[in-house]
Amino acid sequence: LLEMTPEELVRRVARFKATLRGGDVGRLLGLAPALLLAPEAQVQAAVAAVAVEVAAARALKGQPTLLLGSAAMQRATFEAAAAVVRGGGAGSLLARGAAADGASRVVLVTEKSASVHVS
């Protein structure tokens, strides 16, 4: 990040904020600044995978479905993504996107607790 120009850094933060709306992006990036170094498509895939997980979890709990793109869905997705980052760092969040694209079988291991999430 130190080698990035200030303009590039601001652009990446703005793109990240556009991808993951619904919360304090600065706080999330403070926890995992490596998210700014990831390609935009990889971050988008990770956020989309988290949104799918949120929808599935709500369905399992019998909660009403949230409309895709609604403020409530954006907030729920942000909170879930923040929980993933707090639990396992940027790598854990980005691995969700890699697992969702089906390119390869990924076993998600959180960096802090060594708990395994198989998808």
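Helices are taken here as DSSP runs of at least four residues, numbered from the N terminus. On this basis, the predicted model places Glu-8 and Arg-12 in helix α1, which spans residues 6-19. Because these two residues are 4 positions apart in that helix, about one helical turn separates them. Their side chains form a salt bridge, in which the closest N and O atoms are 2.8 Å apart. Glu-8 is partly exposed, with a relative accessible area of 23%, and Arg-12 is likewise partly exposed, at 24%.

In total, the structure contains 3 salt bridges. Another of them joins the side chains of Arg-15 and Glu-40, with an N to O distance of 4.0 Å. Arg-15 belongs to helix α1 and Glu-40 to helix α3 (residues 40-60), so this pair ties together parts that lie 25 residues apart in sequence.

Glu-53 is partly exposed, with a relative accessible area of 36%. Arg-96, by contrast, has a relative accessibility of 10% and therefore counts as buried, because the cut-off for that class is under 20%.

Attention now turns to the nonpolar residues. In soluble globular proteins, nonpolar side chains tend to be buried together. The largest nonpolar core of the model comprises 25 residues, and the members that touch the most others are Phe-16, Leu-20, Leu-28, Leu-35 and Leu-93. At least two residues of this core are supplied by each of α2 (25-31), α3 and α4. The largest share comes from α4, which contributes 10 residues.

When residues up to four places away in sequence are not counted, Leu-28 touches Phe-16, Leu-20, Phe-78, Ala-82 and Val-85. Among these partners, Phe-16 and Leu-20 are themselves listed with Leu-28 as core members that touch the most others.

Conventions:
Residues numbered from 1 in each chain as written. Predicted model: local features only at pLDDT ≥ 70, side-chain atom pairs only at ≥ 80, totals over all residues. Heavy atoms only, no water. Buried < 20%, exposed > 50% of the residue type's maximum accessible area, 1.4 Å probe, protein only. Core = buried A, V, L, I, M, F, W, Y, C linked by side-chain atoms within 4.5 Å. Contact = heavy atoms within 4.5 Å.
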